[in-house]
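My notebook is open, and I am going to look things up one at a time. Come along and check each entry against the picture.

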Amino acid sequence: MHLRQLNEILNKRGLSKPDLDALRPNIDDYQVLLYQPLGRVFGSPTRVGNMNTDTASEQCYAMCRTAVSEGAQLFVAPEYSFPWPALGRCLDEGITPPLGALWVLGCESISFNELEAFIAAYKDRLETIHEDIAQLDRAGKTFLDPVVYLFRTTTADGAAKLVAVVQFKTHPSIDPERIEGDNLCLGKTVYVLGEVGLTTRLVTFICSDVFKVDNACAGEVYDRALILHIQLNPNPRETTYLQYRRILMGLTTHETEIICLNWSQSVKEWVDDGNNHVKLKRWRNISGSAWYLRPDKFDGTDSRIASNHRAGLYYTYLAPKWHALFFNYSRKAYLIKTSKVWHRNVAAVQSKRTGPRVVRTLTWNWGAQSWCEATSVCDAFVPLLSGWGAATQPLVDLHEASPLYVERILAGRGN
């Protein structure tokens, strides 16, 4: 894994470094849209992505429209989730991030020829940057696993330019069928957005990329950084996947945040062995999507924690001084307003890095073919009690008043 500063690459192409709202270290909060898709996956020696690309394309297209209409300054989709036809449709219709916004799209797999064709088709409206595929070890490999950064900047003469930076997965996941192990062409480069000391920096690791995050790599990226870990992962709590977070959390700064974004729970995967034999695998997985942070003025009040909880974002305290907010495991999208990762040239009295709060939780409306606000998000506690009848009604009443009351009662701490 080789870390490269994106601003240096942009400069060589005559492009200005982007002024991204999410990375600007001022007192303004910013909005994040996180997409946790329904787990219906297809895997074969030539393709990994959604089982039904047409349906997924419609939902991702609508998600991009939502990102624009809601003014999301950062929009993230997990590994292998975003279909290329949806991206093409958005480009065709001008549904793209406005100036200052950043989209981080974990796209479906793509072959070398398909990527070259996509770049050629949109070369007049899109500046595309990626490492030299010809220099990668392509022997016997059939597809790439990309994340696409999409944002706007300007040329040297001030003309607006839409830019796509395509980063490839650098380390394979090893499943029983060895879909990635045998067929994935690995990249070597991880791009770093932003400038140390001037802006928040942002880096994205694609699932098992984190196996290569050692002390040296963590030392390069952790300082005043927003680290995205996008996944299609059946076991996000596996020890090796946790190790990179342990390294990062062991470093001294509180100006680091980590967003892990996976698919929803209970993934169904249709696996094609390449010989027209397709079998269904049921993962029985959790999602494990979470936001990790340790700001010095984190809002841990009952009202904030209860409000987030009802919207599907659940609080856990991690020693020493880290906070983990876990997302509901079901298929949802979350519009979140949050403070900046760090502040620069801000008076101490105004520097209130309080952390995320859910503005809206979105669910897919099949009839309207759009993302609509969820009326409620079930945390599964009340259904868990359903088999015990009236004896548990006091707990149900407490939970309705505040889920924190239930936790305190069950922990023997009272109200």
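Which residue in strand 12 does V203 stand opposite? I looked, and the residue facing V203 is I227. A reminder to myself before going on: this is a predicted model.

**Entry: strand 11**

Strand 11 covers residues 201-206 and is mostly covered, with 6 of its 6 residues buried. I recalled that side chains in a regular strand alternate between the two faces of the sheet. Here I found R201, V203 and F205 on one side and L202, T204 and I206 on the other, and all are buried.

Next I checked the partners of strand 11. With strand 12 the pairing is parallel, over 6 bridges. With strand 10 (residues 189-193) the pairing is antiparallel, over 2 bridges. From that pairing I noted V192, which stands opposite V203.

I then turned to a sheet of 4 strands, which is open, has mixed pairing and runs in the order 4-3-14-15. Its edge strands, strand 4 (48-50) and strand 15 (278-282), each pair on one side only. On average, neighbouring strands of this sheet are turned by 25 degrees against each other, direction ignored.

Inside that order I picked out strand 3 (residues 40-43) and strand 14 (residues 268-272), which pair in the parallel sense over 4 bridges.

**Entry: helix 7**

Which residues of helix 7 are buried? For this helix (residues 239-249) I listed Y241, Y244, R245, I247, L248 and M249. Then I looked for what covers them, and found helix 6 (215-221) and strand 12 (225-230) among the elements that do. Strand 13 (256-261), strand 16 (290-293), strand 17 (313-318) and strand 18 (322-327) are also included.

At the N-terminal end of helix 7 I found a cap, made by E238. A side-chain oxygen of E238 lies 2.8 Å from the backbone nitrogen of T240.

**Entry: Q59**

Is Q59 buried or exposed? I found a relative accessible area of 5%, which is under 20%, so Q59 counts as buried. Its place is in helix 2 (residues 53-69). Setting aside neighbours within four places in sequence, I saw Q59 in contact with Y35, R331, W364, W366 and W371.

The axes of helix 8 (residues 302-310) and helix 11 (residues 403-410) come within 9 Å and cross at roughly 105 degrees. Because that angle falls in the range 65 to 115, helix 8 is roughly perpendicular to helix 11. I noted D302, I305, A306, H309 and R310 of helix 8 meeting P403, L404 and R408 of helix 11. By class, these residues divide into 4 nonpolar, 1 polar and 3 charged.

For helix 10 (residues 393-401) and helix 11, the axes come within 5 Å and cross at roughly 130 degrees. That makes helix 10 oblique to helix 11. Here L395, L398, H399 and A401 meet P403, Y405, V406, I409 and L410. I counted classes here too: 8 nonpolar, 1 polar and no charged residues.

**Entry: D397**

With 41% relative accessibility, D397 counts as partly exposed. D397 and V382 are 15 residues apart in sequence, and their C-alpha atoms are 9.8 Å apart in space.

Key: Residues are numbered from 1 along each chain as its sequence is written. This is a predicted model: local features need pLDDT of at least 70, side-chain atom pairs count only at pLDDT 80 or more; totals for chains, interfaces and linings use all residues. Side-chain values use heavy atoms; hydrogens and water are left out. Two strands pair if DSSP finds at least two bridges between them. Axes are lines fitted to C-alpha atoms, for helices over the stretch in contact, and angles run from 0 to 180 degrees between N-to-C directions. Buried means under 20% relative accessible area, exposed over 50%, partly exposed in between (1.4 Å probe, protein chains only). Contact means heavy atoms within 4.5 Å. Angles under 35 degrees count as roughly parallel, over 145 as roughly antiparallel, 65 to 115 as roughly perpendicular and the rest as oblique. Ala, Val, Leu, Ile, Met, Phe, Trp, Tyr, Cys and Pro count as nonpolar, Asp, Glu, Lys and Arg as charged, and the others, Gly among them, as polar. A polar contact is a pair of N or O atoms within 3.5 Å; within protein, one must be able to donate a hydrogen and the other to accept it, and residues adjacent in sequence count only if both atoms are side-chain atoms.
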